[in-house]
Amino acid sequence: MKCLSMDAAGLDFQAIFRLLCTGSAPSLSSEELSSRISSCVDQTANTPAPSVTHTDVMCFCLTLIEAIIKRLTAQSLQQDVTIFYEDVKRRLFEEMNLMTKLVSLLNCQDQLVSHLSAKCISVYVISDISINGGSSSIWRHRCAEVFQEPTTSSELDSCLWSLTAVIKGVLRGEICQRKRDVLMKLLSGLDASITYLHTNLLTQDTQDPHKRELTNLSKTMYEFFDLLEVLSAARLRYGVCSSVQRVIFVQSRALLRVMRADVEYFVKKRALLLLKKSLLRRAGDDWALGEAQSASHEDHSLTEDMLTMADGVLQEVNAGWLKEVPVKAQASFFGGNCDVRLAGTQKDDVILRAVSLILLKSLEINIQRLHCKGSQSDIDIRQYLTELMSFLQRHGTLMSADAHSCSWVSVVFAEQDDDMIESSKTLIGLYLYKKSLSSSDSGVCVWGCNPHCHFILLLRSLSFDHTVLLDFLISSETCFLEYCVHYLKLLREDWTGLCRSCRHIEDCDGRLGATRKGTDPSVQAPSANSETMYVVQAGNEVSVPRLVDYGSSDESDEAEEHVSGNTDVDSGRTDTKASFCPSEMALEQVQTEYASESLLDKVFVCLMDLRTTVTRLHNRGLFPYNPTSLLKLLNSVEPQRNRIS
């Protein structure tokens, strides 16, 4: 075949790519196309520093290879076109040994070429697993070798990325048969090398000053944390438990010590999010498709490993770990907050939420262990929560000294409803544990652990709108059903606690003082730390933007829908649109209407309205699950209200 110039070859690959996108095949034969692709890859693989022109052509070529494999895997081409590209793929990987050439490109000095090569390898391996149930031994062997090298490199980053992408592809359902067996086979030859990499990156360098370049180390650690998450997801979803997957939990203190390592801020943030997802058993929730399968019956060591991770957190907190966690102002990476109107007042709420949940879940797991074993020893919940309050206070999260201490949950988790509900549910367990050790719950509000206050403040943040609670109950985005049942069971035994909490919150609101005469404490004023709940007049009805709008309660009766609003949900953040900014007159009118209604009355009315709506939907067969147990608890609200009244 006559060798083409680089420019001509680049145009050639672009033209073929455009034909592929339209579902067509080029006029040249499959043998000729395969030869051109193989020749281009071979030249680059043997060129230490390819020229700019050569790099451009190479990128076109690798992009074309990836697109061919993806279109064939998706089965979106006509039969004759499919036959053509299947023959191209067969010739490349079986006759021309393309995988070996792609693996050699992982070490290319040009990082774009290295990354595109990793993408080609990943889509081919996923396709090969789907068709043949196997994976490339050449690629796996090279990954194992690179993982055991003592220094970081772009090749290591590409190997980490490609392995992560392949495991993600399996978990996402791009292959559908025997996922557990496939994952175990895939990891069988990489276990020791990944364990070595864990030790090399974390155990040593997070304790002693490292001698590697900061930027390269940060990038490598970030890619490694991505791999650790997919390994954790594989364990939690399918019970795949290799030794390296246990290392994530057993040696979790190395992950905690990343806070003091000389790496970039975003790497420390990624480490905290990995810890949070592991403790909450949410690893892979952002990208894994389909229902998570329970792997507890297959992974007998998971409970013990979770306890080891939780115990490691408490040990590090006792050693002063909270003082080492960095929290930047106005951080925007990973969904952190940055509001130009509040310059200098915002903190990285993603870090604050992660640290709070890591500590809360670690306490919960340790308490459950003590309960199961019937141990006489106890955990000083107050000490840990006091340290958490101090951590939040240092970073400007908590409000003035006159504000209610339990409001920290609403402040920290205001923009992430799933984390807010998870934290509130966990705090119920901590409260009940503390109460079991002492019949008195005096002072529980001082360290922010009164579940009655949390529930009241949650309802107040929603303007006591029962339809938002209905959305929570129907949505799978939060654990609100579990939280609601736990709280209502507590409420059934402790109505006086609710009454005391309502009075306490009203007293705190009174001490804070109204910003205007006639301001209702239940309508929160805008603050730098919480979303503003705007109230406006719309005809004869009050329209209140929801905290969330999942669109998951479409089957509910439209006649009951008195609450409407425009919200944008992006990466868990809800932003109220400018069109909902109220006038002073509208706010004062609404506040005057509700001024005579006590906080306790609003809680009762909200719960009774929720009961009425759920009952009607259930009777019509429109509720997505059987709410009998929930309704039994809600039915006890009205008689108790009448008795208290």
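Author: Helices (H or I, at least four residues) and strands (E, at least two) are taken as DSSP runs, numbered from the N terminus. By that criterion the protein chain contains 27 helices and 4 strands. The model is predicted, so local features need pLDDT of at least 70 and side-chain atom pairs count only at pLDDT 80 or more, while totals for chains, interfaces and linings use all residues. Residues are numbered from 1 along each chain as its sequence is written, and side-chain values use heavy atoms, with hydrogens and water left out.

Contacts (heavy atoms within 4.5 Å) between residues at least 6 apart in sequence join residues at least 24 apart in 75% of cases.

I turn now to the charged pairs. Side chains of opposite charge can pair when their charged atoms come close. The whole structure holds 35 salt bridges, each being a side-chain nitrogen of Lys or Arg within 4 Å of a carboxyl oxygen of Asp or Glu.

One of them joins Asp 419 to Arg 282, with the closest N and O atoms 2.7 Å apart. This pair ties together distant parts of the chain, 137 residues apart: Asp 419 belongs to helix H19, whereas Arg 282 lies in the loop between H14 and H15. Asp 419 counts as buried because its relative accessibility is 1%, and Arg 282 is likewise buried because its relative accessible area is 17%. Both belong to a single network of salt bridges with shared partners, which also takes in Lys 276, Lys 361, Glu 364, Asp 418, Glu 422, Lys 425 and Glu 482.

Helix H19 itself is mostly covered, with 15 of its 21 residues buried.

Glu 316 is buried because its relative accessible area is 3%, whereas Arg 260, at 40%, counts as partly exposed.

Lys 219 and Asp 157 also meet through their side chains in a salt bridge, at 3.7 Å from N to O. The partners are 62 residues apart, with Lys 219 in helix H11 (residues 214–238) and Asp 157 in helix H8 (residues 154–171). Lys 219 is partly exposed at 36% relative accessibility, while Asp 157 is buried at 8%.

Helix H8 also packs against helix H6 (residues 111–132): their axes come within 9 Å and cross at roughly 30° (lines fitted to C-alpha atoms over the stretch in contact, with angles from 0 to 180 degrees between N-to-C directions). H6 and H8 are therefore roughly parallel to each other. Residues that make this contact include His 115, Ile 126 and Ile 129 of H6 and Trp 161 and Val 166 of H8.

Key: Buried means under 20% relative accessible area, exposed over 50%, partly exposed in between (1.4 Å probe, protein chains only). Angles under 35 degrees count as roughly parallel, over 145 as roughly antiparallel, 65 to 115 as roughly perpendicular and the rest as oblique.
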